[in-house]
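Hi there,

Here is the structure I promised to pass on to you. Have a look at it first, and then read my notes below.

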Amino acid sequence: MGLPQSSKEERLAVNATISSPVRARPGWLMALGLWQLLFGLGSGVAMGMVASGTGIEVIGTPRLVLLGALGLAALLALLSVFDIWRLAHRGRLIAFVLNLILAAVAGFFTLQEVNVFNGLDALGANFGRGLPFLAVMAVGWLVSGWATGVRPEWERALLLTSRGLMAVGAGALLLSVGLLPGLWTFLTRIVQPPAVIFLAVAVLAVLVLRLVKSSQATAAFGSTSKQLEVIDGIAFVSPNILGFLAFLGGPLVISLFVSLTDWDGLGEASFIGLGNYIELLTDPFFHRSLLNILFFGVVAIPLSVIPALALASALNMKLPGMRVFRALYFLPAVAGVVGVALIWKQLYNATIGYINYALLQLTEFVNLIPGLELTAPQPQWLSNPSTAMLSMVIVFVFSTIGFNTVLFLAGLQGVPPTLYEAAELDGAGVWGKFRNITIPVLAPTTVFVSITTTILALQLFSEPFILNAPQLSPNGPDNATLTPVIYLYQNAFERFNQGYASAIGWVLFLVIFAITIVYFRTQREDGVLTS
Amino acid sequence: MKLRKLGLLVVVLSMFVAACSGETASTTVAPDTTEVSEGEGDSLRWRTRPDNDEEAAVYAGISDTLAAELGIELQYEPGGTETAGYQQNLLTELAAGTAPDVFWLPGTDIADFATRGVILDARSLADATDHSDDDFYPGPMFHLTFDPDSGEAGGVLWGLPRDVSTFGLYMNVDLIQEAGVEDPRELAANGEWTWQKFGEVVDGIGALGGEVVGYGQSSWWGPYGYWINAAGGGFFNEDRSACALDSTESVAGLAALAEFYAESSVVPWGEDAEAPFRAGNVGLFQNGRWATPGIRTVDFDFDVVKLPDGPGGPSNWLFWGAYVINANTSNPEAAWDLVAALTTADVQAQVAESGANVPSRVSQAALDAFLTFTPPANNQAFLDGLSENPTAEGPLWAGSWPEFVSVMDAEVGAVVTGATSIEDYAADICTLTESAFTG
């Protein structure tokens, strides 16, 4: 990424300035330094307000997280003041990151203050009224597409029609969804003091960002092209990073901290160190849940992976109607797990379920053979501790095998046909080709399928939660279907033990992580992943 | 390209203004023509957990009416079912500070929410009105007025019961007549409806053979708890501070249930009994009033009879849930007005008409109205449950109810299915549930 000519000239000029004993600092640079100083002091004041509970009342774990974030922001901002004074690029980088976050946070609070997020219901209710006009706009846009490659007079007419349709559609759309009341509501809310302040801060932060990114800043700080690339990279990935921090990274850190407390989800949290983890060591319900999920994994994972491979091999044959079968096998993966579980719940019913009815009919049919008097088995699929987890396995396999089949199928279609042709010339049969070509070539796919299926299996929740209700608790008969995630849910939302639930979550994470590492190590030793 | 960008801009702008432009369909606003009242200008969100869509519509209608009567802007939010995460959503909203001003809680959850300070003690608000605790059944009011600090009932007020329910035995009258057994309703009327007669009726229906069985119940704590209570036992000691599942009476009740399941014609333990009952394969099905709307759709003649009297005399559960006030509501007075208005005899009668519950107010007018909400013809069976020594469901003020139930469910199930002997159960059960009291 090369710099514009003017920037290069500015850099040369600034480099010359830097090398001189006395460096003049332009006014905007002083303003930037002052802004960062203000940023640091503001963060410090906010930190004090949170700590004392004056003006900003946040309790429990969020308070500690907020205090940490504000403290870090204050330190970084003050550091950046020092760097900006020294014309060091690090100051520019810090200023860029901090103001990027400030713009996002202030923008979020502006929208929150004007109640936009609480307006999602209104959005759902009102936007539907504008859909016909949105369709008119879409037609207008399509018409504009037809205006290319036609006679000039047609092109003019089509463009005119297109713009007319889009203008009319846009106007009608805005009016129908409530442009005037919407804007009025927005304006009346935005002039309220908190919203105005947040908006002003957001706008200032954006202006500072533009300044920090400007060519004059590049020249002043003497930033290299590598350093500029870093700033550009941060700008590009910032939506993802902010989303990750807000919805994944942040909650992960918070949950780790919560797991070290006795937080009930509502009040203050007390730090208890590893107390929750130590309690897990002697908790018979947690041990039972681990044993249950171990049994489930040992049975369900091979049944979800091995038949999927065989099925994919069959579906990979060039036979008439194969596409229909591929779609059919994929259907359970498309269907929601809740819907699938509800259907299986009906099938499993011991007294009026179709499975037991089929067993009854089958037995009666077999008993037509003279001399046979078999008794039809009528398993209590869900209410018998010895079959309850097996019932969960069947539903899980039913739900996952289709998706795994598609993954294997995709892998199979990448296998060069020449390999099979060469094997045939060498006299290999169907089994020989499968064993010596298909399985080795599909090894990376198999690793991926195995890992994803393992993760899914160890997080088993929906199946026992739905299949057991309301006759039994999700734990099933004699806790036969109690899983770590079910136990986590019960502690978090039924027993007000958020700290303990977080500890269960982290232990489960470590178990899954360890198994994944074992998978990778094994495959790496076999040369699968490196190949 | 420019055209497309402009189009996209218009769509984004339209979504933005749509989000800002006004009220949703679920919001009800008091009409401007309403006379100025004390609460005018207040705005409240409130939530219940309706048993079905029909009941949700009834609540929405009630919300409209009360908004006009009270001069309060009301937003009614039908909560999801228990399995759809009603409590989970509520807990998350309470933590985030976005929970409704008034919401419904199951009776067993009151202690957890009250001791954590998330629901308001409405005693002072209630005392400023003509409210009387005696207008409601004493069982729920014990828990709703229990002060965890003093350990006594009466000093505080955590809310008012939305409704109550008891167990009844839903009868497939066609099967009973086909089996030629004695009619349980007549036995109950003659005071002869005992466990022995109950067993005879169940076996008689089961003798029809095929897919028909005599009896079915769910396996959660309510149905098996009836057997324990009716034998003269109970889950807890008198002040609910310790387990009483190992008392002689409690153990005898569970032993009777286990024996009944081992020897009689029943839907297997832990299996859904409602579906086979609705399919016409079960003679007697034990469930609460909340099952009535679903059972009204069956195509055979059905009715209800009270639960049989056990060795300890008549027994039943008094199930209930309550409207409570969010401790962080900005309008406590208006919230109390709403709670009071939602629990009047008139409003309770409107809800009870849909069939899923019984009014919680001790009001002859409300009960008379309830009796007219047929089928079943014998609605009196549910009211008998209210008057015949019911045990009110309730939280554990000195322990964790969910933890207690979790252990109890598994151990009771093991006894009924024969996996554990009743002697082993009696020896261990109160040790196993001890952690629910000690934390």
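The contact between the two chains takes 51 residues from chain A and 48 residues from chain B. Please keep in mind that this is a predicted model. On the side of chain B that touches chain A, the elements giving two or more residues are helix H1 (2-20), helix H3 (86-96), helix H12 (274-278) and helix H18 (401-416) of chain B. H1(B) gives the most, with 12 residues. Sorted by class, that side of chain B has 24 nonpolar, 15 polar and nine charged residues.

Next, chain A as a whole. You will find 23 helices and zero strands in chain A. Its radius of gyration is 32 Å, well over the 24 Å that the globule rule gives for 531 residues, so chain A is more spread out than a compact globule. The C-alpha trace of chain A spans about 110 × 75 × 60 Å along its principal axes. Of the 531 residues in chain A, 34% are buried. Among the contacts in chain A with a separation of 6 or more, 72% join residues 24 or more positions apart.

Finally, a helix in chain B to click on. Helix H17 (residues 380-387) of chain B has Ala381(B), Phe382(B), Asp384(B) and Gly385(B) as its buried residues. These cover an arc of only 155 degrees around the axis, which puts them on the same side of H17(B). What covers them includes strand S8 (167-172), strand S11 (302-305), strand S12 (316-325) and strand S13 (390-392) of chain B. Just after H17(B), look for Asn389(B), which takes a positive phi of about 55 degrees.

Enjoy exploring!

Conventions
Residues numbered from 1 in each chain as written. Chains lettered and ligands numbered in written order. Predicted model: local features only at pLDDT ≥ 70, side-chain atom pairs only at ≥ 80, totals over all residues. Contact = placed C-beta atoms within 7 Å. Helix = DSSP H or I, 4+ residues; strand = E, 2+ residues; numbered from the N terminus. Nonpolar A, V, L, I, M, F, W, Y, C, P; charged D, E, K, R; others polar. Rg over C-alpha atoms; globule rule 2.2 N^0.38 Å. Buried ≥ 20, exposed ≤ 12 C-beta atoms within 10 Å, placed from the backbone. Arc of directions from axis to C-beta.
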